[in-house]
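Please keep the sequence and the 3D view open while reading.

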Amino acid sequence: MDGKILICDPVDKVIIDKLKDRFQISYQPEITRDELLSIIKDYDAVVVRSRTKIDMDIINEGKKLRIIARAGIGVDNIDTDYAEAKNIKIVYAPGSSTESVVELTLAMMIIAARQLVNGIENTKKNDFKKLKGYELSGKTLGILGYGRIGHSIADVAKVLNMKLIAYDPMPVQYQDFVKKVTLEELLKQSDFISINVTLRNGSGYILNEGELSLLKKGVIIVNTSRANAINVMDVVKYLKDGTIGYLISDVFWHEPAKEDYEFEILKMDNVLVTPHLGAQSYEAQKRIAIMTADNIMKEW
Ligand code: MLT
């Protein structure tokens, strides 16, 4: 065997099939932080999703660690700078969940715009009162974070006849039907905003009081990337006064919520939260597992 790999979060079993002839695999999808701290010294590589945090203490205990693999896209749960300073390679699975995240984003926009959650909850109580919503067609969608997922959202939203604007702090290519704008323009002009950013461990919030104050009244914000894109303390006021018509988010500041202000947000009528389902499709999970295994073997 070439080495020992610890898988810390639920990952499609195809990852084991691909690695087991070469490596000794331990699959512990519910491992606690304390357990991880006590056994990490025995492993050459560790595979995580977003539940398990790989911070300095874990890295220090992982004396044999040579690879940290993120079975997914966001590496904000890993202290990448510290790991790299210790010559530990970081691998991840870019592009593997794009279709799933894009489909969820579009579904969330329609769910919020057409009041589908209220409508469904009402009919369960035999209340057939007609609720009125908005079409996506003709509205401006601001795509905040314009990587692979942002590009694909634009492709689909174009078919729905949305006007498309996008902002990314990095130099990226824009499709010809998407207008490149500043963050300020995006916030002022968008009827819908899709947040698709990647954050690193320790990145600050992107939308603080100053940015939130620029939002168009009634905007529907869909966040399928990271809750920390939005300042949790600043957002409450804009949710309460209806500046944000709906916040529909697949991510939360703590998952599950811990703080009183998080419980307050969860209960608001104009907030809908799903439990980090973006990459949770059978297809995406399989692609992620295969790509993660391949990347581990490439980097070994
Ligand atoms: C990701 O960054 O890929 C997501 O957080 C998906 C996940 O691990 O559930």
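How far apart do the C-alpha centres of domain 1 and domain 2 lie? They lie 30 Å apart. This is a predicted model, in which local features need pLDDT of at least 70, side-chain atom pairs count only at pLDDT 80 or more, and totals for chains, interfaces and linings use all residues. Residues are numbered from 1 along each chain as its sequence is written, and side-chain values use heavy atoms, with hydrogens and water left out.

**Domains**

- The protein chain is divided into domain 1 (4-94 + 282-299) and domain 2 (98-273). The bounds come from an automatic or database domain assignment.
- Between them, 11 residues of domain 1 are in contact with 9 residues of domain 2. Contact means heavy atoms within 4.5 Å.

**Ligand site**

- Arg 49, Arg 70, Gly 72, Ile 73, Gly 74, Arg 226, His 276 and Ala 279 surround the ligand.
- A backbone N or O atom of Ile 73 lies 2.6 Å from a ligand oxygen atom.
- For Arg 226, a side-chain N or O atom is 2.8 Å from an oxygen atom of the ligand.
- His 276 places a polar side-chain atom 2.8 Å from an oxygen atom of the ligand.
- On its own, the ligand has 270 Å² of accessible area, and the protein covers 91% of that. Accessible areas come from the Shrake-Rupley method with a 1.4 Å probe; for residues, only the protein chains shown count as cover.

- Most residues other than glycine have a negative phi, and most peptide bonds are trans.
- His 276 is not a glycine, yet has a positive phi of about 55°. His 276 sits in the loop between β12 and α12 (282-299). Helices (H or I, at least four residues) and strands (E, at least two) are DSSP runs, numbered from the N terminus.
- His 276 counts as partly exposed because its relative accessible area is 22%. Buried means under 20% relative accessible area, exposed over 50%, and partly exposed in between (1.4 Å probe, protein chains only).
- Gln 115 also has a positive phi, near 55°. Its place is the loop between α5 and α6. At a relative accessible area of 21%, Gln 115 is partly exposed.
- The peptide bond from Glu 255 to Pro 256 is cis, with omega near 0°. Pro 256 is in the loop between β11 and α11.

**Helix α10**

- In α10 (residues 232-240), the buried residues are Val 232, Asp 234, Val 235, Val 236, Tyr 238 and Leu 239.
- Those buried residues pack against α9 (209-212), β11 (244-249), α11 (260-267) and β12 (271-273).
- At the helix start, a side-chain oxygen of Asn 231 comes to within 2.9 Å of the backbone nitrogen of Met 233.
- Gly 242 follows α10 and has a positive phi, near 80°.

**Buried positions**

- Val 102 is in helix α5 (residues 98-113). It is buried, at 6% relative accessibility. Not counting residues up to four places away in sequence, Val 102 touches Ile 149, Ser 152, Ile 153 and Val 156.
- Asn 122 is in helix α6 (residues 116-124). Its relative accessibility is 14%, so Asn 122 counts as buried. Neighbours within four places aside, Asn 122 is in contact with Asp 127, Lys 129 and Leu 131.
- Gln 175 is in the loop between β7 (163-167) and β8 (178-180). Its relative accessible area is 15%, so Gln 175 is buried.
- The side chain of Gln 175 makes a polar contact with the side chain of Asp 155 (3.1 Å). A polar contact is a pair of N or O atoms within 3.5 Å; within protein, one must be able to donate a hydrogen and the other to accept it, and residues adjacent in sequence count only if both atoms are side-chain atoms.

**A partly exposed loop residue**

- Asp 55 lies in the loop between β3 (45-48) and α3 (56-61). At 24% relative accessibility, it is partly exposed.
- Beyond four places in sequence, Asp 55 is in contact with Arg 33 and Asp 79.

Conventions
Near = heavy atom within 4 Å.
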